[in-house]
Amino acid sequence: MFNRSDYISDSEWNRFLEFSKDLETPNVVINLHQIKYNFIKLRDSFPFAHIYYAVKACPGEPVLRLLNELGSNFDIASRYELDRVLSLGITGDRISYGNTIKKARDIEYFYQNGVRMFATDSKDDLRNIAKFAPGSRIFVRMLVEAGQSADWPLSRKFGCHPDMAYDLLVQAKELGLTPYGVSFHVGSQQRDIGIWNEAIAKATYLFSSLEEEEGIKLSMINMGGGFPAHYIQPTNPLSDYASEITRYLHDDFGDEIPMIVLEPGRSLVGDCGILTSEVVLISRKNNTALQRWVYQDSGKFNGLVETMDESIKYPVISEKDGPGEKEGEVILAGPTCDSADIMYENIKYKLPLSLKAGDKLYWLSTGAYTGTYASVEFNGFPPIKTYYME
Ligand SMILES: *Cc1c(COP(=O)(O)O)cnc(C)c1O
């Protein structure tokens, strides 16, 4: 159903097969070389931007070490992520506390460790920041409609209406904080570049109205993530995102665009992982059923949670794929005793009719939101293991 070479070159594929041949399944193999390539490409596409890697996408130490060497900053969501990043020698001045949902004592912990940049979207959180991280730089997250064009929307839960963002930035100043800027996230795997235009327009409105009415001069727009990885549905190349978004910024701000922060997660690491699973069982629900159920040893609870609502559609290939192999429709499901543990049922994936228990399946582009976005031991199954290939 999928052409492996549309997603990965022969040489990288062979390197992966060699690296992974003796690893127990299920596992995820992360290609560090590819992450480096993606980072450099993003940096070169947005030469004016400051990159804060969204650690949650793939928090493995080899990944953090690599991005540290490449000069990335880090978007952190919890004290545990903070500890990990600090333990690698990364200092608080390169860290942004981007989660709007945080305990007062965690704010204090970040402050004690040198972090001075905080996201917020509510009054209570702002007051906590003023108290436990005095003088820090504040950016307010605005609500942005991700629309139908984001495969993993991240909407509703975060951000506030621009009018409220305005009030919070005024209040930040009153509380002795530095009103620094605004942020948004247009939804992860956002396939409609135009959404950035609407979001930047909202930011522009806040920049100008705060300056005119309150004398508050904001410095920064944090444009979050949303840049694509390579899944089944086509997207524009990153260069189109870069040229369009750069144009929106210049349309609104002329020659003097504010400091721009990007928080890429998926676009840096998504294409850089392959999840290997083993077929446990293949069955049909009645004697004439056209579709086979393919149960495999990874599922919603160990690696493939983003298949929820069949949102992220990974290319899946099998070791039986090959020219002339007849394929048939399958329902792909995981190994646990939970009926939610079905990855694709409505979308009809096809796999070779010769597929047997014990065969390997390869889930391509599974570098983001797989390794740690998982249960601990539901049904006793351990978390999926991640390996890092240079
Ligand atoms: C998850 C997250 C990101 C990363 O988004 P991607 O679409 O994976 O690039 C960036 N910023 C914030 C605040 C996030 O929560």
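Aspartate 309 is placed in the loop between β13 (292-296) and β14 (316-318); helices (H or I, at least four residues) and strands (E, at least two) are DSSP runs, numbered from the N terminus. Phi of aspartate 309 is near 55°, a positive value in a residue other than glycine. Please bear in mind that this is a predicted model, in which local features need pLDDT of at least 70 and side-chain atom pairs count only at pLDDT 80 or more, while totals for chains, interfaces and linings use all residues. Residues are numbered from 1 along each chain as its sequence is written, and side-chain values use heavy atoms, with hydrogens and water left out.

A further loop lies between α1 (10-20) and β1 (27-31), and proline 26 is found there. What kind of peptide bond joins threonine 25 and proline 26? The bond is cis, with omega about -5°.

I turn now to the ligand.

Several polar contacts, that is, pairs of N or O atoms within 3.5 Å, can be named. In the side chain of lysine 56, an N or O atom is 2.8 Å from an oxygen atom of the ligand. For histidine 185, a polar side-chain atom lies 2.8 Å from a ligand oxygen atom. Arginine 266 takes part through its backbone, where a polar atom is 2.9 Å from an oxygen atom of the ligand. On its own the ligand has 390 Å² of accessible area (Shrake-Rupley method, 1.4 Å probe), and the protein covers 92% of that area.

Finally, the annotation. The unreviewed UniProt entry lists residues 33-269 as "domain: Orn/DAP/Arg decarboxylase 2 N-terminal"; such annotations may be inferred rather than shown by experiment. In the model, this span is 44% helix and 17% strand, and its end C-alpha atoms lie 11 Å apart.

Definitions and conventions:
A polar contact is a pair of N or O atoms within 3.5 Å; within protein, one must be able to donate a hydrogen and the other to accept it, and residues adjacent in sequence count only if both atoms are side-chain atoms.
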